[in-house]
Amino acid sequence: MAGDITYVDVAMLPRERPHAPSQTSVPGNVITYAELRMKPKHKGNSRSETSASGCQHRCSAWFYVALVLGVLVLVLIGIIAVLAEQQKIASTMLLKWLMKELCEDGQATTCELCPPGWQLHRGRCYYFSEKAVNWDDSQRNCLARKSQLLVIEDENEMEFIDHKERGIKYIWIELKVQNVKKQQSSAEDPGAEENRIAMKRIEDDKNCAVYRRKNIIQTDNCHTLKKWICKRNATLLVL
């Protein structure tokens with residue numbers, strides 16, 4: 001086969017001297033005998049050399065494949081980082097525009113927002129109804145607005161409601177009979193007197209709570225028609 005190496009052993013025999021020079025012999029015509037001994041070809045060594053050569057080629061190919069894949073991964077990570085940075089910049093610009101358009105102080109780093117038609121007060125949004133309905137309808141209306149009926153927290157909130165609803169005498173609030181009884185029992189404690197909430201006696205046919213001006217909470221018939229107030233947390237924007 002092409003590329004195979006054949007080893008030959010050449011053994012030189014000693015030259016025999018002639019007994020007498022021949023007059024007919026031609027100078028320079030000397031016969032030399034040689035013995036050639038052929039060594040068998042070692043197949044095992046050739047295969048190992050071929051196998052080593054093939055392994056070297058395969059290892060080199062895998063090395064370049066791994067190198068190309070590593071470069072592609074680095075490029076992909078770079079693209080993702082650039083896109084994330086661009087998205088962050090776009091979000092910041094949009095937030096700045098919203099604060100400039102919707103907040104009272106467009107240069108502030110924080111801003112509290114309420115839905116259109118709602119009133120903002122100390123991190124809370126209030127919706128004051130324009131028509132009167134029963135207690136169940138008022139509760140359903142607030143739930144549809146992703147809020148709840150008014151739950152009074154402190155005197156400051158009462159003053160805010162009194163100022164906004166000067167012409168309204170009764171307003172539905174988020175209280176049922178069991179809640180009113182609980183507040184009435186807690187009003188007997190010395191600490192509850194600071195709230196200045198006078199509780200009226202609960203009658204059998206009055207199961208829903210209403211808020212009156214001058215910090216008074218009492219119960220009334222749930223089927224009577226009254227205005228109501230919805231309440232929810234304000235949306236906070238922060239740069």
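Author: Helices (H or I, at least four residues) and strands (E, at least two) are DSSP runs, and they are numbered from the N terminus. The model is a predicted one, in which local features need pLDDT of at least 70 and side-chain atom pairs count only at pLDDT 80 or more, while totals for chains, interfaces and linings use all residues. Residues are numbered from 1 along each chain as its sequence is written, and side-chain values use heavy atoms, with hydrogens and water left out.

Reader: In which loop does Arg122 lie, and is Arg122 buried or exposed?

Author: Arg122 has a phi near 50°, which is a positive value in a residue other than glycine. The loop that holds Arg122 runs between strand S4 (119–121) and S5. A residue is called buried under 20% relative accessible area, exposed over 50%, and partly exposed in between, with a 1.4 Å probe and protein chains only. Because its relative accessible area is 53%, Arg122 counts as exposed.

Reader: Which loop holds Lys146, and what is the relative accessibility of Lys146?

Author: Lys146 also is not a glycine, yet has a positive phi of about 55°. The loop in question lies between helix H2 (135–144) and S6. Lys146 counts as exposed because its relative accessibility is 71%.

Reader: How many salt bridges does the structure hold?

Author: Side chains of opposite charge can pair when their charged atoms come close. The criterion used here is a side-chain nitrogen of Lys or Arg within 4 Å of a carboxyl oxygen of Asp or Glu. On that criterion, the number of salt bridges in the structure is six.

Reader: How many residues apart in sequence are the parts that Lys231 and Glu153 tie together?

Author: The side chains of these two residues meet in a salt bridge, at 2.6 Å from N to O. Lys231 lies in strand S11 (residues 227–233) and Glu153 in the loop between strand S6 (148–149) and H3, so the parts joined by the pair are separated in sequence by 78 residues.

Reader: How far apart are the closest N and O atoms of Asp220 and Lys226?

Author: Both Asp220 and Lys226 are buried. They form a salt bridge in which the distance between the closest N and O atoms is 2.8 Å.

Reader: How much accessible area does the nonpolar patch containing Leu67 have together?

Author: Patches are made of residues with over 30% relative accessible area and no salt bridge, with like charges joined within 9 Å and nonpolar side chains (Val, Leu, Ile, Met, Phe, Trp, Tyr) within 5 Å; accessible areas come from the Shrake-Rupley method with a 1.4 Å probe, and for residues only the protein chains shown count as cover. Leu67 is found in helix H1 (residues 43–102), and counts as partly exposed because its relative accessibility is 46%. The patch on the surface consists of Phe63, Tyr64, Leu67, Val71, Val75, Ile79 and Leu83, and its accessible area together is about 700 Å².

Reader: Where is Ile173, and how far is its C-alpha atom from that of Leu150?

Author: Ile173 lies in strand S7 (residues 170–176). With a relative accessible area of 2%, Ile173 is therefore buried. Leu150 is 23 residues from Ile173 along the chain, and the separation of their C-alpha atoms is 4.9 Å.

Reader: In which strand is Cys125 found, and what is its relative accessible area?

Author: Cys125 is found in strand S5 (residues 124–128). Its C-alpha atom is separated by 7.9 Å from that of Pro115, ten residues apart along the chain. Cys125 is buried because its relative accessible area is 0%.
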